[in-house]
Amino acid sequence: MYQQVLNYAKEPLNLTQEKVFTVPAGTGRVALEALLVDEKVINQSNKFQWLLKLRPELAKMKAGTYRLQPNMDIAQMLALISSGKEAQFSIRFVEGNRLSDWTNILRDAPYLKHEGGREKHKKSYTR
């Protein structure tokens, strides 16, 4: 069984292209496995929980948004999530645009968390 679990750690992820995957705050071992299975990143297996018990350094998940690559195996994915090295996203602000244009760029940017309503921001930008 021990060797089967170690072999399981080397299995590739079920990805054909990069996937942005978010681990919510407070996610534990069982919830992480459920998320990964729901997103079809891995297949359901009791070896996942055994892997986290045999390699506890992989079980220290940190909340965040991560880029999962198709060439990763399960151990590499868990190491990334345990490292806390989140995905970085860029936004380009063109000089000469109006503030309203920049506000629209921010509003439409994927993976940004927006807090508050449009009126709240509108008031803070007006003179």
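# Close-up views of a predicted model

**View 1. Helix H2 and its packing partners.** The buried residues of H2 pack against strand S1 (19-23), H3 and H4. The model is predicted. Three residues of H2 count as buried: Leu-32, Glu-33 and Leu-36. They line one face of the helix, because their directions fall within an arc of 100 degrees seen down the axis of H2. An α-helix has 3.6 residues a turn, so residues three or four places apart point the same way. On the face of H2 turned away from the buried side sit the exposed residues Val-30 and Asp-38.

**View 2. Lys-40, after helix H2.** Lys-40 follows H2 and has a positive phi, near 60 degrees. The residue is not a glycine, yet phi is about 60 degrees. Lys-40 belongs to the loop between H2 and H3. Its relative accessible area is 63%. The cut-off for exposed is over 50%, so Lys-40 counts as exposed.

**View 3. The buried side of helix H3.** Helix H3 spans residues 47-54, and its buried residues are Phe-48, Gln-49, Leu-51 and Leu-52. These residues cover an arc of only 155 degrees around the axis, which puts them on the same side of H3. Their packing partners are helix H1 (2-9), helix H2 (29-38) and helix H4 (74-83).

**View 4. Gln-49, a buried residue of H3.** Gln-49 is found in helix H3. Its relative accessibility is 17%. Buried means under 20%, so Gln-49 counts as buried. Leaving out residues up to four places away in sequence, Gln-49 touches Arg-29, Val-30 and Glu-33. Of these, Glu-33 is one of the buried residues of H2. Val-30 is exposed, on the face of H2 turned away from its buried side.

**View 5. Lys-53 and the ring of Trp-50.** Lys-53 lies over the face of Trp-50. The distance from the ring centre is 5.6 Å.

**View 6. Thr-65 in strand S2.** Strand S2 covers residues 64-68 and includes Thr-65. Thr-65 is buried, with a relative accessible area of 15%. A polar contact of 3.2 Å links its side chain to the side chain of Thr-22. Neighbours within four places in sequence aside, Thr-65 is in contact with Val-20, Phe-21 and Thr-22, and also with Glu-86, Ala-87 and Phe-89.

**View 7. The whole chain, for orientation.** The chain has 6 helices and 2 strands. Along the sequence they follow the pattern α-β-α-α-β-α-α-α. Of its 127 residues, 28% count as buried. The accessible surface comes to about 8900 Å², and 51% of this belongs to carbon and sulfur atoms. Among contacts between residues at least 6 apart in sequence, 53% join residues at least 24 apart. One such contact partner set is that of Thr-65, including Val-20, Phe-21 and Thr-22.

Note on methods:
Residues are numbered from 1 along each chain as its sequence is written. This is a predicted model: local features need pLDDT of at least 70, side-chain atom pairs count only at pLDDT 80 or more; totals for chains, interfaces and linings use all residues. Side-chain values use heavy atoms; hydrogens and water are left out. Helices (H or I, at least four residues) and strands (E, at least two) are DSSP runs, numbered from the N terminus. Buried means under 20% relative accessible area, exposed over 50%, partly exposed in between (1.4 Å probe, protein chains only). Contact means heavy atoms within 4.5 Å. Accessible areas come from the Shrake-Rupley method with a 1.4 Å probe; for residues, only the protein chains shown count as cover. A polar contact is a pair of N or O atoms within 3.5 Å; within protein, one must be able to donate a hydrogen and the other to accept it, and residues adjacent in sequence count only if both atoms are side-chain atoms. The arc is that of the directions from the helix axis to the C-beta atoms. A charge sits over a ring if NZ of Lys or CZ of Arg is within 6 Å of the ring centre and within 35 degrees of the ring normal.
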